[in-house]
Amino acid sequence: MSSFSKIFEIIAKRRILSFLLNYKFFSSFQYSFLPKKNADLVIFKKVKLITEYLEQNKKVACVYLDVSKAFDTIDHYLLLKKMEIYGFRGCFLEWLRSYLLGRQQCVKVSNQMSGKMEISCGVPQGSILGPLLFLIFSNDLLDIKTSGHLISFADDTILVASAQNEKSLIDIVNSDMSIISSWFINNKLLINFDKTKIISYGYKNQADLKNKILIKISKAGCIQNKIIEAVDKIKYLGLVFDCKRTWSDHTSYLQKKLRKINYLLYYLKMFFQKNTERYCIETFLRVP
């Protein structure tokens, strides 16, 4: 993206964001690329929900959705249609249409250049508007009616579900995931079920969800059954969550990271001052 294009996009982004925020467009469960929203709030909301359910002696499960190439598979015509429904019309909609459609890409290896191919989907990579357009496109996912709570940080979406017993929890998750899967199919996005995981949380006795979360997907006239793998721990937004919420796995994860940087600093200490070493440690620990 050229520098002029980025400046122009910054202006357009401010106008779009101001318009949408004025009408409270974004779901309160969307925490990315928005003012006063960040990853810390997502983690706090997730942990708070789980804790509240456990304190009520409920069975709790969390599904961590993995979307295949979410930013690169946004359908341009669906996005433009949604933008029109949300109130963007006239000259601005035509500008957005020209911004999205007709882009071409090619690949250069050494001195060899491939032929050009038109980009039929996805928001422009490296653009200022790209993340915001993705939020606009996926915002109605968080408005669909599910028994559990949907929470998103960009394309990292989780479903937090609870029930009084294990059987009811399984029924709720299966039902909610079928609804969510339908949304993704209708919006031409693809859930990667191989990387989508589910965890049952609890202080002692967690619900047994192994091979019990079965989603029926209708694709090309055929019904496919997709099983969501149950795991005991998962890394989400830089934190490792385990089923018993002990943080022991996350502590082990941090210890490994500290050992790596300690090894490097030991050999580089003669070249750096202490303030530089402290900055390197803090930077390293912030990397997810």
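**A friendly tour of a predicted model**

Visitor: Is Cys91 buried or exposed?
Guide: Welcome! The model here is a predicted one. In it, Cys91 has a relative accessibility of 72%. Exposed means over 50%, so Cys91 counts as exposed.

Visitor: How about Cys62, is that residue buried or exposed?
Guide: The cut-off for buried is under 20% relative accessible area. Cys62 has a relative accessible area of 0%, so this cysteine is buried.

Visitor: How many disulfides does the count come to?
Guide: A disulfide is a covalent bond between the sulfur atoms of two cysteines. To count here, the two sulfur atoms must lie within 2.5 Å. The total is zero disulfides. Cys62, for one, is in no disulfide, as its nearest cysteine sulfur, that of Cys243, is away by 13 Å.

Visitor: Which side chain does a polar contact of 2.7 Å join to that of Thr157?
Guide: Let's find Thr157 first: this residue sits in strand β7, residues 156–163. Thr157 counts as buried, because its relative accessibility is 3%. Beyond its neighbours within four places in sequence, Thr157 is in contact with several residues, including Val63, Tyr64, Leu141 and Ser152. The polar contact of 2.7 Å runs from the Thr157 side chain to that of Ser152.

Visitor: And what is the area of the nonpolar surface patch that includes Tyr266?
Guide: Tyr266 belongs to helix α7, residues 248–268. With 52% relative accessibility, Tyr266 counts as exposed, because exposed means over 50%. Tyr266 makes the patch together with Tyr263, Leu264, Tyr267, Leu268, Met270 and Phe271. The area of this nonpolar patch is about 870 Å².

Note on methods. Residues numbered from 1 in each chain as written. Predicted model: local features only at pLDDT ≥ 70, side-chain atom pairs only at ≥ 80, totals over all residues. Heavy atoms only, no water. Patch = residues over 30% accessible without salt bridge, like charges linked within 9 Å, V, L, I, M, F, W, Y side chains within 5 Å. Areas by Shrake-Rupley, 256 points an atom, 1.4 Å probe, with all protein chains shown as cover. Salt bridge = Lys/Arg side-chain N within 4 Å of Asp/Glu carboxyl O. Helix = DSSP H or I, 4+ residues; strand = E, 2+ residues; numbered from the N terminus. Buried < 20%, exposed > 50% of the residue type's maximum accessible area, 1.4 Å probe, protein only. Polar contact = N/O pair within 3.5 Å; in protein donor to acceptor, adjacent residues only side chain to side chain. Contact = heavy atoms within 4.5 Å.
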